[in-house]
Amino acid sequence: MYDSTPAFALAERVGPLPRATPVASGDLGVRRRRSWAWARTPSAVVGIALTAVVLALAALADVLAPGDPFAPVGPALSAPSSVHLIGTDDLGRDLLSGVIHGIRTSVFVALGVGLIAFPLGVVVGAVAGARGGVVDDVLMRLSEVWQVLPRFFLALMVVALFGPGLDRIVLVLGLTSWALLARIMRAEILSIREREFVDAARALGMSEARILRRHMLPHVMPAAIVFVALLLAQVCLVESSLGFLGLSDPNAISLGYLAAQAQRFLRVAWWMWFFPGVALITIVIGFNLVGDAINDRMRGRL
Amino acid sequence: MMSRVPLAVILVGLVAGACGVTASPSPTGASGRPSGSPSSPPASEAPTGGGGGTLVVAISADPGHLNPAITTSGATHTAAELIFNGLVGLDENLEPVPELAESWTIDNDGAQYTFKLRDGVTWHDGTPFTSADVKFTFEEVLLKLHARTRSSVGPVLDGIDTPDAQTVVFRFKQPYAPLLRQLDVTEAPILPKHIYQGSDPAKNPANAAPVGTGPFAFESYTPDSEIRLKRNDTYWAPALPKLDEVVMRVIPESGSQVIALEAGEVDWIWGVPGPDEARLDADPEVELLRTDRNPGGSNCIMTMSFNFDKPILQDVRVRQAIAHAIDRQQIVDKILFGQGRVATAPISSGIGWAHADDIVLPAFDPTAAMAMLDQAGWKAGADGMRIAAGVTGVADGTPLALDFLHFPTFARYGELLRSELGAVGIELTLEPLEPPVFAETVFTKRDFDTNVISYCNGPDPEIGVRRMFDSAQIGPVPFSNAAGYRDSAVDALFTQAQQTVGNEARGKIYGRIQQTVAAAQPYVWLVETSGVRAYRLPCQGFQPYAQFAEAATCAP
Amino acid sequence: MNGRYLLRRVVQVPPTVLGILVIAFLLVHLAPGDPILALAGANGDEAYYAEMRAKFGLDRPLPEQLAIFVVNLIRFDLGTSYVQGRPAIDVILERLPSTMLLTVSALAVASVVGVALGLFAAGRANRRSDLTVSILTLGLHATPSFWLAQAAVLVLGLWAGWFPISGMTSARTPPAGLGLVVDVAHHLILPVLVLAATEMAVIARLTRVRLLEELSRDYVRTARAKGVSERRVLWRHALPCALIPVVTVIGGRVGHLVAGAVLVEAVFGWPGIGRLLLTSVQSRDLPIVLGILLVIASTVIVANIVTDLIYVRLDPRIRFG
């Protein structure tokens, strides 16, 4: 569920068939979300606000919730109160502290995955699109293989087989997230390869590599940035799903882990279930709205 | 153990079976069973039994197959033991009572056991049960495929004779005391020779549609969903069983099992999660049954092991300091929700005759722990964490940091211990590992500092205690001597206890063993875990263990 | 052109699947963990474990095991399950129908409700009800399915008591015939709702956007100018065009659905291949793990090909090179 097609916005934008190149797809790259114009400002504002809060919580986790989030500090299973704002869990650990540190873990994983997938996807896609021929064929076949097994399964297998740890979660999600980006990049490059300004650069005798770097990449960057914003949202969902299945790093508290703890206490401690989920939804909505907003703005400028 | 994570829950049966000594619902019990014994059912009941309605049982894992003789998997034993019998059963005190064997004599100082089999017992398909079935089951199945029976009985058994159809003789190379506690349906279920003869017992189709002698006969099995058993109309125990049908229903999550019980979807669950216990106790429709026998094994002690291969842990003061730093009552309160008690000796209090009651295990005392660490050369650094300063075999400046391996289901133990050890300056890093990886890492590679294991003592220390200390059991076998503890005097005492007949004499030897190992502290014996079963009225008449539904009825 | 394209796609399937399986084989066999426990249980002696390893060929060198695996695979033999001692393919095929029931139902619900919601929102573009729908779908899309599942259990299962929260049939009275169908349907509702929610959100948003796009096109304006009724414009002209990309996105999400089924099956105790995969990974029942991967990979590939074909069928402008 949380994988290769990143999000609705992306599906709307790049079109439905990243695998094939539709002949009559002249308008594919320049879809604008005209009808959302009225909502653009409010949703962008909400998205940016949510993301800012999330990033601030992640950055300031140690200040806002000092100490070990795993340490029991109060009575077990106490409901939200003025002492423990959103309650405690069965070991008497402060849930707010757990959620804040969990948000930090989510953000850490998301950014880590972005740092791996972004350069990999952009480079592979750009090279495939610009060079064409055999290189293109090989790279695209490769990306297809990566796409056939949904990311969630690969991540689940690797983490379950090799043991949970933040490092391998980031690594496996990063290595399985570049393929679609590469395909988007390739399609974008193809769509501008024969445009006038590229032809002009060629006529001036610029090398293909230079044309790619100086003229083509800046034009396709917006699409990559949008993809990554939406990817981050999906990564948070995958990471928490693994945590829910008991595959989170035992030494770094995460939102999925907290949700899994709640399963046993659904009837006696609703807060253990409720708040980690709300935090997660906030993160994901924030990233999604920011992705959409960037998309709108950059498309508008192009 | 109850679990917190669905994924973990699914495997609970396997986990428990893996670390437990007695797999699954645990030893056969026979209180209230009229096996020629005084406690026959009231005369008012129909002598043929039946009419007890349908019992729906929740089980947490799909068994995969229903042959308890070829595996120690808790999931299979939980689902299949009602279909089979052992030669003997075990009563509530874990003492042997007649089952397929009506009586027995012990000769040659305990080196020869002669069993007289019950008359007129038939398999569910109508074939008569004879001594040939017993001999075949042991020789071709149990001693080859049942991991525990093979490794405990196998090496000392000289041969099995069947002088006639109703007599079986076990001859041993030397006196062997524990045998009678290893013949129940968990350790030695008897299979029909006429069905398994000439086939690979691990692949026989009857494993999915078994034929036994037990109170209930197999009816159908839908993998990962349900197993239906029907009443054995020709059961050897008069007037039993009363139930007409037993349905085992796979519900992987313990919380979901409780909900299903409350909703009336099921009548019996094997374990009540701590947080739900009070609510179920208050429910007039639901009765609770407390027992030390868990579906994963009996008399289990949650045990922290120290790896003796690691220089840091070779100093007994460090091991004792760690023991002092742990608040075991916290584990009972917060992890077990009262379903257990602090362990007081290396052998479980459930084996009364072997359990030592004159031992003082290290009490919770962080101050003493810190003093001992100081003495041992581990000085507190600026942040309170301890660093080596003059520790033998450890470079100065080494931090006192240990890893802690555990099944994912036991994560709570790690989380609590990490924070308690952290308070005295010891850094614990948790490594949750699935059972197959845990077994390989701990017992084959011996690549760990500390871990936690649910060591189930079983009905006899020979079964589940010896393996923890025997120097011959260090090495690749799962759930053996995790610490790597070696003491030839202890080895000799275990052998002596194995060959001594009589609980009292054996108990004295086990008492000496416990004094020695408690002082050496290769393990921290944390808590004895107990289980709480729950059932819905009008069902009643249960026992907490193996043939738990033999005398039960759901008729109003 | 299309025939040749199809052929090329189909010919590529076996090597792709084989490649995936070989990688997966190496992955699971190189991972730490000894399947011997699942095979045999605990507390045996060393010779016993050696015997069991030999029995399942686990004592041979890895390249040899791989070769045997590949050869058997070509004969549709996935090997014998370590835990169950039966052919892995049988074990998997037993569970497949319940997962298919779950995923196909979810896909159907998500498609119907999603398109309906999208249609509804597009018809009321920029009004309050449109905003409500878009906030709802935005939220659903961002909600992790395990959290939604817990909410469904808590609210619809426990508090309201409308639906059973675990399993596929009721245990007490085994119904037959029509009663069985009703019983399974009753158990199916919660898992399907949870599994369908995310997909439904995606489809609704996509439908809405595409519809609005189509409605702003020239041909729609022409039709309106010619006096064609608004209803007819929407249903006969705009919707079919708008649904083309929607259909293909639905096809492309089959893999996600199967992944989602793992979580949903775990929460609701649904006896499908998702739960089988989880338990098999934990117990290192490698033949089952590889077999399930084979099923998933093939499903995704076939779904992709079918989607492409539908796309071509629906939109005459598209040709594949």
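Q: What share of the contacts in chain C with a separation of 6 or more comes from residues 24 or more positions apart?
A: Those residues account for 72% of them, where a contact means heavy atoms within 4.5 Å. This is a predicted model, where local features need pLDDT of at least 70, side-chain atom pairs count only at pLDDT 80 or more, and totals for chains, interfaces and linings use all residues. Residues are numbered from 1 along each chain as its sequence is written, chains are lettered from A and ligands numbered from 1 in the order written, and side-chain values use heavy atoms, leaving out hydrogens and water.

Q: Which domains does the assignment give chain C?
A: Domain 1 (15-74) and domain 2 (96-283); such bounds come from an automatic or database domain assignment. Taken over C-alpha atoms, the centres of these two domains of chain C are 39 Å apart.

Q: Why are β8 and β12 of chain B said to stand at the edges?
A: The open sheet has seven strands in the order β8-β9-β10-β1-β11-β23-β12 (chain B), with mixed pairing. β8 (216-222) and β12 (286-291) of chain B each have a single partner strand, so one side of each is left without a neighbour in the sheet.

Q: How do you know that β11 and β23 of chain B pair?
A: Two strands pair if DSSP finds at least two bridges between them. β11 (residues 268-269) and β23 (residues 531-536) of chain B have two, in the antiparallel sense, so they pass. B:Trp268 has B:Tyr535 as its bridge partner in β23(B).

Q: Why is the pair A:Trp273 and A:Phe274 called tilted?
A: Phe, Tyr and Trp rings (the six-membered one for Trp) pair if their centres lie within 6.5 Å; planes under 30 degrees apart are stacked, over 60 edge-to-face, the rest tilted. Here it's 5.8 Å centre to centre and 55 degrees between the planes, so tilted it is.

Q: What makes B:Phe308 and B:Tyr485 an edge-to-face pair?
A: Their centres are 6.0 Å apart and their planes stand at 90 degrees. B:Phe308 is in the loop between β15 (300-306) and α9 (316-325) of chain B, and B:Tyr485 in the loop between α15 (466-469) and α16 (488-498) of chain B, so the pair ties together parts 177 residues apart in sequence. B:Phe308 is buried at 18%, and B:Tyr485 is buried at 4%.

Q: How do you know that B:Arg418 lies over the face of A:Phe70?
A: The rule asks for NZ of Lys or CZ of Arg within 6 Å of the ring centre and within 35 degrees of the ring normal. B:Arg418 lies over the face at 4.0 Å from the ring centre of A:Phe70.

How values were computed. Helix = DSSP H or I, 4+ residues; strand = E, 2+ residues; numbered from the N terminus. Buried < 20%, exposed > 50% of the residue type's maximum accessible area, 1.4 Å probe, protein only.
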